[in-house]
Amino acid sequence: MDDNARYQVLRNDEDQYSLWPADLEVPEGWQPVGKEGTKEECSAHVDEVWTDMRPRSLRERMEQAAS
C-alpha cells in the first residue's frame, strides 16, 4: 500500500473490514462504511470498530448453539 494514498474502509457481509484505495471501484461483495483518509487513519478506525474478528455467520451460529 502507498503511504501517501487515500484509502476508504470497506466491510463485507460477514462484517469483515478492509482498506481499499479511495480512487478505485469498490469490489463486489464489499460496501464503504463512510471512513476515508490516510492508511493510518483508516487502520485506526478499523482497530476501533472491528473488535470481534469472527465472521458474522460464525458468531450467529455460536449464539444459536448457546441458546
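# A tour of the salt bridges and one buried asparagine

Four salt bridges occur in this structure. A salt bridge here is a side-chain nitrogen of Lys or Arg within 4 Å of a carboxyl oxygen of Asp or Glu. The model is predicted, so local features need pLDDT of at least 70 and side-chain atom pairs count only at pLDDT 80 or more, while totals for chains, interfaces and linings use all residues. Residues are numbered from 1 along each chain as its sequence is written, and side-chain values use heavy atoms, with hydrogens and water left out.

**Stop 1: the whole chain.** Show the protein chain as a cartoon. Two helices and three strands are there. Their order from the N terminus is β-β-β-α-α. Helices (H or I, at least four residues) and strands (E, at least two) are DSSP runs, numbered from the N terminus. Now look along the principal axes: the C-alpha atoms fill a box of roughly 45 × 25 × 20 Å. The radius of gyration of the protein chain is 14 Å, whereas a compact globule of 67 residues would have one near 11 Å. That radius is taken over C-alpha atoms, and the globule rule is 2.2 Å times the number of residues to the power 0.38.

**Stop 2: the surface.** The protein chain has about 4,800 Å² of it, and 46% belongs to carbon and sulfur atoms. Areas come from the Shrake-Rupley method with a 1.4 Å probe; for residues, only the protein chains shown count as cover. How much of the protein chain is buried? Buried residues are 18% of the 67. Buried means under 20% relative accessible area, exposed over 50%, and partly exposed in between (1.4 Å probe, protein chains only).

**Stop 3: Asn 12.** Select Asn 12, in strand β1 (residues 7-12). Is Asn 12 buried or exposed? Asn 12 counts as buried, at 13% relative accessibility. Then show Gly 29, Trp 30 and Gln 31. Asn 12 is in contact with these three, leaving aside its neighbours within four places in sequence. Contact means heavy atoms within 4.5 Å.

**Stop 4: Asp 15 and Arg 59.** Select both side chains. They meet in a salt bridge, 2.9 Å from N to O. Asp 15 lies in the loop between β1 and β2 (17-21) and Arg 59 in helix α2 (residues 56-66), so the pair ties together parts 44 residues apart in sequence. Asp 15 is partly exposed, at a relative accessible area of 23%. Arg 59 counts as buried, at 17% relative accessibility.

**Stop 5: along helix α2.** Stay on the helix and select Glu 60 and Arg 56. Both lie in helix α2, four residues apart, about one turn of the helix. Salt bridges that share partners join Arg 11, Asp 15 and Arg 59 into one network. As for Glu 60 and Arg 56, their side chains meet in a salt bridge of 3.1 Å, N to O. Glu 60 is partly exposed at 36% relative accessible area, and Arg 56 is partly exposed at 28%.

**Stop 6: Arg 54 and Asp 52.** Finish with this pair. Their side chains meet in a salt bridge of 2.5 Å, N to O. Arg 54 counts as partly exposed at 32% relative accessibility. Asp 52 is partly exposed too, with a relative accessible area of 25%.
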